[in-house]
Amino acid sequence: MDWRKAKRIIIVMLIALNAVLFAANRFYNNAYRLTQDEERAAYKLLAQNGIGIYTNLITDYSPMKQLDVTVVSPDTEELKAMFFDPDDSVDANVELEKTVMESYSSKLIAENSKISYLCQTGYGDITGVGKKAAQDLASSFLKKMGTKYSSYVLDRITYKNGGYQLEYYDYYKGYKVFCNYCAFFIDDSGIKTIESEYYDINGFVEKSNEICSSAEAILTYIYDTRDFDSDGRFVEDLEIGYDFKESEEIIDGTKIRLVPCYHIYLINEDKPFAVYAY
């Protein structure tokens with residue numbers, strides 16, 4: 001008998017059974033809250049698949065609307081003043097929605113609402129070493145980026161590759177907007193990289209629709225990654241907020257609908273696993 005194939009079949013059957021139980025609980029109880037049985041079932045399936053979890057599931061949830069945003073391209077002169085010193089010799093290449101600026105030590109790429117910045121020598125004066133010094137430098141530069149980023153909140157700090165990665169995110173009505181972010185990498189030489197996106201938030205649209213629970217999001221993650229080796233995988237965090245649909249095309253001036261989405265963060269993984277909640 002092919003035990004690997006048999007194991008996959010059993011996993012699929014268990015996931016299907018638990019999905020039916022979750023749906024039945026929703027129908028009969030009409031409550032948007034995880035039961036202890038649902039939590040235990042999710043933890044059991046994670047353990048059966050060799051996946052650890054270091055965070056709690058989101059127990060309370062409710063129907064959510066879509067979020068309307070607009071793509072906004074930054075002004076090239078503002079970018080130049082923001083990321084380069086006045087005496088820097090900067091070469092600029094502008095084509096359609098993409099702008100590339102380069103000096104002897106720095107490179108900036110701006111495309112639609114996205115900004116990517118690299119400084120080989122480190123930008124800014126960092127006072128001292130450690131997490132606090134990195135946070136002070138990042139906060140100072142974020143203010144320099146203007147009022148658009150004034151509502152961004154420091155969400156997480158990670159030590160990696162001899163420096164600190166600091167991630168700031170925007171929130172709307174208490175919900176995290178995953179696509180409105182600014183991520184710094186800072187070491188003892190200063191700011192080495194910045195990755196950011198900004199979209200104007202217009203507000204909620206359409207009617208509220210039911211979303212899946214965090215336990216169902218975990219089941220989706222287990223099912224979608226069933227063909228990969230799960231040994232040594234650990235769920236570090238779990239969040240719900242708003243993000244793009246995978247097929248969304250981003251063009252300057254375009255209005256886009258963001259949808260509810262769970263982000264599952266895993267240790268030693270650079271990007272979270274996304275599960276769309278509708």
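Leucine 45 is buried, with a relative accessible area of 3%, where buried means under 20% relative accessible area, exposed over 50% and partly exposed in between, for a 1.4 Å probe and protein chains only. This leucine sits in helix α2, residues 36-48. Helices (H or I, at least four residues) and strands (E, at least two) are DSSP runs, numbered from the N terminus. Leucine 45 and isoleucine 218 are 173 residues apart in sequence, and their C-alpha atoms are 9.1 Å apart in space. The model is a predicted one, in which local features need pLDDT of at least 70 and side-chain atom pairs count only at pLDDT 80 or more, while totals for chains, interfaces and linings use all residues. Residues are numbered from 1 along each chain as its sequence is written, and side-chain values use heavy atoms, with hydrogens and water left out.

Helix α5 spans residues 214-224 and is mostly covered, with eight of its 11 residues buried. Across the protein, buried residues make up 43% of the 278 residues, and the fold has five helices and 14 strands. Of the contacts (heavy atoms within 4.5 Å) with a separation of 6 or more, 64% are between residues 24 or more positions apart.

Helix α3, residues 76-83, has Leu79, Met82 and Phe83 as its buried residues. Seen down the axis of α3, these residues fall within an arc of 75°, so they line one face of the helix; the arc is that of the directions from the helix axis to the C-beta atoms. They pack against β4 (98-102), β5 (106-111), β6 (114-123), α4 (131-144) and β10 (190-197). The face turned away from the buried side carries the exposed residues Glu77 and Ala81. At the start of α3, a side-chain oxygen of aspartate 75 comes to within 3.0 Å of the backbone nitrogen of glutamate 77.

The side chains of lysine 192 and aspartate 187 are joined by a polar contact of 3.5 Å. A polar contact is a pair of N or O atoms within 3.5 Å; within protein, one must be able to donate a hydrogen and the other to accept it, and residues adjacent in sequence count only if both atoms are side-chain atoms.

Another charged residue, arginine 156, lies in strand β7, residues 153-160, and counts as buried at 16% relative accessibility. Its side chain makes polar contacts with the side chains of aspartate 155 (3.3 Å) and aspartate 237 (3.2 Å). Beyond its neighbours within four places in sequence, arginine 156 is in contact with Gln165, Leu166, Glu167, Asp237, Glu239 and Tyr265.

Glu167 turns up again at the largest pocket, where Glu167, Tyr169, Asp270, Lys271 and Pro272 lie nearest the centre among 43 lining residues. On a 1 Å grid over the protein atoms alone, a pocket is an open set of points where a 1.4 Å probe fits, with protein on both sides within 12 Å along at least five of seven lines, and lining residues have an atom within 4 Å of a point. The volume is about 1400 Å³. Strand β9, residues 175-187, provides the largest share of the lining, six residues.

Terms used. Grid points are joined across faces, edges and corners, and a volume is the space filled by probe spheres set on the points.
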